[in-house]
Every structure is written in structure tokens, then in C-alpha cells.
Amino acid sequence: MPQRKIVKYIVVLCSFLGLTPIVSAQTRMYKWELGLQGGCGYYVGDAAPHIFTNVREVYGGHVRYKFDKRWSLQLKGLHQVIRGTVPEDPAFVWSNKLINLDVVGEFNFFRLGLQEYDSRVKPITPYIFLGVGVGLYGMNYGTAAAYLPLGIGLKWKFAQRWQLQLAWQHNVYFADNLELVESLGNTYKLNGSNFLNNDLTGQLMLGIVFEFGKEKKICKWCLDQ
């Protein structure tokens, strides 16, 4: 066999061997997530001026769409119980059930994923989120109030399709009547000019997440040509 052909075969073989790790090392991202979460929640307002006062249970679920390994959009629903006392009558304890429905945009500080050719991809990342939401409460959940959900969290991708997530969320309401107690409500109708006097709720939650909807396979070498 001529020497030139031998060199040609060696070059082709080396090129193939060099491409194989690039293609096989890529992990396709799952675009969708379903999650369940539970934890503790609190209320801050006229009857409770500090966070983590009168802590009660919180539980719910979410659907998340991931644009890439850093940015995502989450639709979440949570059920929470808030309670407190009336400063003028500490013996009187009130309690309300509250449903939070919100949509938040999320940003991961690191590209979340399992180990692959990109060293920037990490299995653990802190993240932040901000969005809009509506709270339903009162008799048959007939009262509604808008709020701004924001917070921080930590994601851990421990398997190909599974994550654990820890999140601390604050909900800043455009209302001052979550207690549904007249003496604690917006008696003077000042909420429009006194935003900081509005009620606030929060949740500290741990969740389990299942990923699905794998993105289409893409050849990185083909994209680079």
C-alpha cells in the first residue's frame, strides 16, 4: 500500500476518534420539570411583625420550562395556612387558608447539569427568581390579591432526571387584609400610597423534581462547521 494512502487512513481514523468523545460527551437537556415541595410558611403584617412567627405548613407543586442551563420559567401553586393574634386582644387567634399561584423567571448562577465536556456545567447551583402572582383566601377562597414573588434557592441535580431544590420565597402583597380581621385591615385605604404597609408572606421549602421532554440531539461538530 502506498505510503500516501496509509497517511490518509491514519488522518481519517484520528479525526473519527477525536470527534467521538465530543459527540458522546454531550448530554441533551430535559426541557420540562414537574416538582413537589413542602415546608414551613409565615406571615408578616399587623399581627406578626417578624418573619418565622406562627410558622405553619406549606405544600404544593410546580411546572418549569428551561430555556437553557441558566434561564427558566416556573409556574407554581402553593397552599399555606397563616395565623396570628390581635395586639389589643392576645387571646384571640385568627387563622386563614391561602393559595398562592405565581409565575417566576429564574436565573442559575452556574450552568446546571451532570458532568460533561463543558467544565462550566455543575450539578449544584444557587439561583434567584422574581415574578408575579395572585393569592386566593377567605371564604371559599373568594378574595384575591396580587403580589410580587421573589427569593433565592439551591438546586442539586443528583441523577439524570432528578433534582432536589431548596427555596426561600417572599411574597410582597398589594393588600393589607390577609388576616380578614377588620381591626388589622386597610381601614384608612392607604395601601395605594403606603406600599410598605402591605402584608407579606414567605415560605421555606424543600422539593423533589422530575425532568422530562428531552431536547433534540444536536451534533456539536456539525454546528461548528
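**Cavities and aromatic contacts**

Lys155 is placed over the face of Tyr127, at 4.5 Å from the ring centre. This contact, like the other features reported here, comes from a predicted model. Tyr127 is also one of the residues that lie nearest the centre of the second largest cavity, together with Gln37, Gln74, Ala167 and Met205.

Rolling a probe the size of a water molecule over the atoms shows where empty space is left. Two cavities of 30 Å³ or more are found when the whole structure is searched. The largest cavity holds about 180 Å³ of space, and the second largest cavity has a volume of about 110 Å³.

The lining of the largest cavity consists of 18 residues. Those that lie nearest its centre are Met29, Leu112, Gly113, Lys157 and Glu211. Strand E3 (71–86) and strand E8 (143–157) each contribute at least two residues to the lining of the largest cavity. Sorted by class, this lining of the largest cavity comprises seven charged, six polar and five nonpolar residues.

For the second largest cavity, the lining is made up of 15 residues. Two or more of the lining residues come from each of strand E2 (56–66), E3, strand E4 (89–108), strand E7 (124–137), strand E9 (162–173) and strand E10 (200–214). The lining of the second largest cavity has six nonpolar, six polar and three charged residues.

Aromatic rings were then considered. The count comes to 11 aromatic pairs. In one of them, the ring centres of Tyr42 and Phe52 are 4.7 Å apart and the ring planes stand at 50°, so the pair is tilted; pairs over 60 degrees would count as edge-to-face. Tyr42 is buried, its relative accessible area being 1%, whereas Phe52 is partly exposed, with a relative accessible area of 35%.

Another pair is formed by Phe107 and Phe109, whose ring centres are 5.9 Å apart. The planes of Phe107 and Phe109 stand at 70°, so this pair is edge-to-face. Phe109 is partly exposed, with a relative accessible area of 38%.

Notes
Residues are numbered from 1 along each chain as its sequence is written. This is a predicted model: local features need pLDDT of at least 70, side-chain atom pairs count only at pLDDT 80 or more; totals for chains, interfaces and linings use all residues. Side-chain values use heavy atoms; hydrogens and water are left out. On a 1 Å grid over the protein atoms alone, a cavity is a set of points where a 1.4 Å probe fits but cannot get out, and a pocket is an open set with protein on both sides within 12 Å along at least five of seven lines; lining residues have an atom within 4 Å of a point. Grid points are joined across faces, edges and corners, and a volume is the space filled by probe spheres set on the points. Helices (H or I, at least four residues) and strands (E, at least two) are DSSP runs, numbered from the N terminus. Ala, Val, Leu, Ile, Met, Phe, Trp, Tyr, Cys and Pro count as nonpolar, Asp, Glu, Lys and Arg as charged, and the others, Gly among them, as polar. Rings of Phe, Tyr and Trp (its six-membered ring) pair if their centres lie within 6.5 Å; planes under 30 degrees apart count as stacked, over 60 as edge-to-face and the rest as tilted. Buried means under 20% relative accessible area, exposed over 50%, partly exposed in between (1.4 Å probe, protein chains only). A charge sits over a ring if NZ of Lys or CZ of Arg is within 6 Å of the ring centre and within 35 degrees of the ring normal.
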